[in-house]
Every structure is written in C-alpha cells, then in structure tokens.
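Please open the model in your viewer and keep the selection tool ready.

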Amino acid sequence: MMPLMLLDYAGVAVFAATGALAASRKQLDMIGFLFFAGITGTGGGTLRDLVLGLPVFWVVNPAYVIVSAAVGVLVFFTAHLVESRYRLLLWLDAIGLSAYGVLGAAKGLAASGSVPVALITGMMTATFGGILRDLLAGEPSVLLRSEIYVTAALAGAAVYVAAVLLGLAVMPAAALAFTAAFIVRGGGMRYGWSIPRYKPRPGRKPEDIL
C-alpha cells in the first residue's frame, strides 16, 4: 500500500496548494491560507472516509494536516511569483483530481469490494475538496466549467478498478489510472473537450397536457 500512501500525500499537498492559491486571490492573511489549504487538501478524503464508515484519515494520521499547513505557508510566501495563479490553480487541481480519483477508488474497492462504490468514492474524493474551495472563495465552481471535470475523475477510477480486477499490480494500475485521468482533464482544459450538454426545449402549453 506504500504507493497509494504516497499518492495520498501528493493529493493532499496539491489540493492544499490550490486552496492556498484561492486564498491568495482573495488576499487573505496567513490563517486564511492555512484554512483554505486544510479544507481543500482534506475535504474529499474526509467525505470518502465518512461515507465508507472508516476512521477519518487525517485524524488517524495528523501528518496530513501538517502537510496541508506547510503547503499553505509555502504558497503564502511564493504566490506572488506566479504570473497566473488561476491557471496554476486549475492545473494543480487537475493533478490532485487525478491522484485522488485513483486513491478514492482504491479505498472504496478495498473497503467494500464493490465496483460501483469504488467509482463513486473515486469521484467523490477527487472533486469534493475543489468544490468546497470554490464555494468558500466565491469563485466560479470547477463543476460549472464547460470542459470535462467529473468525467476525468470517473475515468481514472474506472481505469484503476479495471486494471486491478485484471490482475495488474497496485503501482502500475495507479500510474495508468492517474495518467488516464490527467489526460482527460488536461485535454479538456487545453483543447476544450466536453461531453454533450443538455439543450433546453420549449415547454408544452398547459392545454396540450390536459
């Protein structure tokens, strides 16, 4: 499980960085940076563990909180060096989404043995921290952007589950799934990939329904 633990730390650190970048865009103080880093870095994993009935990961191992705090402090002193903090936020979010989609699927599969549960926990872990970040910062939610987002998390989770069920070892399965998710999300950001959206149609007149 060591590769997945490293992926877990990486996901927390990267999402914490996106939270701290959001704080920098709002010109918050150090406490604001720490709060945004912590809530974004641990939000998805917290929801996943609660849903699965597992001990919350950062309560069991407070090192995750320390990682989030360290990243928040680092970004506080370096965010001004970045030319486009929102663009960096989105690309780091793509990395975190790819890592956490795989990790969430791995934990869901290990805890339940169910493929649907693994896919849901993968998507949940990958997206919830970013949703919280945007909501608290008053930023346009990544969910509302036109390009692919949740689908990328689903792709990573699905590739991981399929690879493991086919007998692939954890490390190659995780690497393959991470790559798949990042390509889908990165392609959406770079080339505008999207899936068909709902197109409204005129409603029927009341007299046509009766």
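Which kind of contact do the side chains of Arg48 and Asp49 make? Select both residues: their side chains meet in a salt bridge, with 2.9 Å from N to O. The term salt bridge denotes a side-chain nitrogen of Lys or Arg within 4 Å of a carboxyl oxygen of Asp or Glu. Before going further, please note that this is a predicted model, in which local features need pLDDT of at least 70 and side-chain atom pairs count only at pLDDT 80 or more, while totals for chains, interfaces and linings use all residues. Residues are numbered from 1 along each chain as its sequence is written, and side-chain values use heavy atoms, with hydrogens and water left out.

**Stop 1: around Arg48**

Keep Arg48 and Asp49 selected. Both residues are buried; here, buried means under 20% relative accessible area, exposed means over 50%, and partly exposed lies in between (1.4 Å probe, protein chains only). The charged end of Arg48 sits over the ring of Phe57, 5.4 Å from the ring centre. A charge is said to sit over a ring if NZ of Lys or CZ of Arg is within 6 Å of the ring centre and within 35 degrees of the ring normal.

Rings of Phe, Tyr and Trp (its six-membered ring) pair if their centres lie within 6.5 Å; planes under 30 degrees apart count as stacked, over 60 as edge-to-face and the rest as tilted.

**Stop 2: a nonpolar patch**

Select Trp58, Val59 and Val65. These residues make a nonpolar surface patch of about 250 Å². Patches are made of residues with over 30% relative accessible area and no salt bridge, where like charges are joined within 9 Å and nonpolar side chains (Val, Leu, Ile, Met, Phe, Trp, Tyr) within 5 Å. Accessible areas come from the Shrake-Rupley method with a 1.4 Å probe, and for residues only the protein chains shown count as cover. Trp58 belongs to helix α3 (residues 57–60). Helices (H or I, at least four residues) and strands (E, at least two) are DSSP runs, numbered from the N terminus. Trp58 counts as partly exposed because its relative accessible area is 32%.

**Stop 3**

The structure holds nine aromatic pairs. Select Phe15 and Tyr100, which form a tilted pair with 5.7 Å from centre to centre and 50 degrees between the planes. This pair links distant parts of the chain: Phe15 lies in helix α1 (residues 2–25) and Tyr100 in helix α5 (residues 85–112), 85 residues apart. Are Phe15 and Tyr100 buried or exposed? Both are buried.

Move to Tyr191 and Trp193, a stacked pair with 6.1 Å between centres and 25 degrees between the planes. Tyr191 is exposed, since its relative accessible area is 59%. Trp193, at 39% relative accessibility, counts as partly exposed.

**Stop 4: further salt bridges**

How many salt bridges does a search of the whole structure find? The search finds five. Select Glu139 and Arg25, whose side chains meet in one with 2.8 Å from N to O. Glu139 is in the loop between α6 (115–137) and α7 (150–165), whereas Arg25 is in helix α1, 114 residues apart. Glu139 is buried, with a relative accessible area of 12%, while Arg25 is partly exposed at 36%.

Then select Arg133 and Asp93, which form a salt bridge with their closest N and O atoms 3.0 Å apart. Arg133 lies in helix α6 and Asp93 in helix α5, 40 residues apart. Both residues are buried.

**Stop 5**

Select helix α8 (residues 170–191). Its buried residues include Ala173, Ala177 and Met189. After α8 comes Gly192, whose phi is positive, near 75 degrees.

Finally, select Gln27, in the loop between α1 and α2 (30–52). Its phi is near 55 degrees, a positive value in a residue other than glycine. Gln27 counts as exposed because its relative accessibility is 71%.

Terms used
Expected span 1.5 Å × (residues − 1).
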